[in-house]
Amino acid sequence: MSRDFKPSGHKHKKQFGQNFLNNGRIIDRIVAAIRPQAQDHLVEIGPGEAALTEPLIEVVERMDIIEIDNDLIAPLKIRFAAKPAFRLHHTDALSFDYASLLDDDRPLRVVGNLPYNISSPLLFQLLNYAESIQDMHFMLQKEVVDRLCSEPGNKSYGRLSVMIQYACQTEYLFTVGPENFNPPPKVDSAIVRLLPYKEKPYQADDEQTFADIVKQSFSLKRKTLRNNLKGWMSAEQIEACDIDPGCRAETLEVAEFVKLANHYAHLKSAAS
């Protein structure tokens, strides 16, 4: 049975990309996907009007909430300060040190309805803490979730797809229409589950080199690897990885990017 959710009178701010859930049935479905357990240490990014906070904080032992909007801090304290699990951090999620929350052996479970305007940089930020994260459940613009879960050869496959899939298993859960938000966004949203690998299927020898190679490979759309990696690797060096230098980055598997990065790191080390 869906909970009765009543939005507050908060004035939504465009600079924070605020579109708050207002459908109790959707909220219940998201909570069911997260499957919170009593012993969990949850981290919620951008609670807004606390549509997800309220059902989650009743279950878990620890819930750290990250909110940047000054006007939402007092209402959150009033509603949840008496809850033993409640910890509030009035800060920017993009610059927050998530490792500072780790004070026992429990990994973090991260959730949130992420603002569209910071979703990609925030995902890259969270990858820095992947070893300390059990899972992530996010509401994002559907187009972003499509990119996260896309396979090579698809139009939506790109740098974000490769970087996230290198570190995490991705699962597209379900779509959420604009009518379930206040104010309604102009696009569909979707829920994604990200599970950081305990052991990556393909390990880069140097992860910064891997990130650089991926970024450079996608630097110019519709250009081949030969063109995008010019000055980094020759056509012959790309071929040495059993990869056609005439193909485009969007056709490569994650494993092939790892192979390119490891070969480049080897060449660079040998030359020094």
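Predicted model: local features only at pLDDT ≥ 70, side-chain atom pairs only at ≥ 80, totals over all residues.
1. From helix α6, the residues Arg 159, Val 162, Met 163 and Tyr 166 touch Glu 207, Phe 210, Ala 211, Val 214 and Lys 215 of helix α7.

2. Now look at how the pair is arranged. Two packed helices are described by the angle between their axes and the distance between the axes. Here, α6 covers residues 159-167 and α7 covers residues 207-217. Their axes come within 9 Å and cross at roughly 155 degrees. Angles over 145 degrees count as roughly antiparallel, so that is how α6 and α7 run relative to each other. The crossing of α6 past α7 is right-handed.

3. Keep your eye on Phe 210, one of the α7 residues in that contact. Which residues does Phe 210 contact, leaving aside its neighbours within four places in sequence? They are Val 162, Met 163, Tyr 166, Ala 204, Val 254, Phe 257, Val 258 and Ala 261.

4. Phe 210 also belongs to the largest nonpolar core, which has 55 residues. Along with Tyr 98, Phe 138 and Leu 260, Phe 210 touches the most other members of that core. A separate core of 27 residues lies apart from it, including Leu 56, Leu 76, Val 111 and Val 176.

5. Is Gln 141 buried or exposed? Its relative accessible area is 17%, and buried means under 20%, so Gln 141 is buried. Beyond its neighbours within four places in sequence, Gln 141 contacts Tyr 116, Val 187, Asp 188, Ser 189 and Ala 190.

Terms used. Residues numbered from 1 in each chain as written. Heavy atoms only, no water. Core = buried A, V, L, I, M, F, W, Y, C linked by side-chain atoms within 4.5 Å. Buried < 20%, exposed > 50% of the residue type's maximum accessible area, 1.4 Å probe, protein only. Contact = heavy atoms within 4.5 Å. Axes fitted to C-alpha atoms, helices over the stretch in contact; angles between N-to-C directions. Helix = DSSP H or I, 4+ residues; strand = E, 2+ residues; numbered from the N terminus. Parallel < 35°, antiparallel > 145°, perpendicular 65-115°, else oblique. Left-handed = near helix turned anticlockwise from the far one by under 90°.
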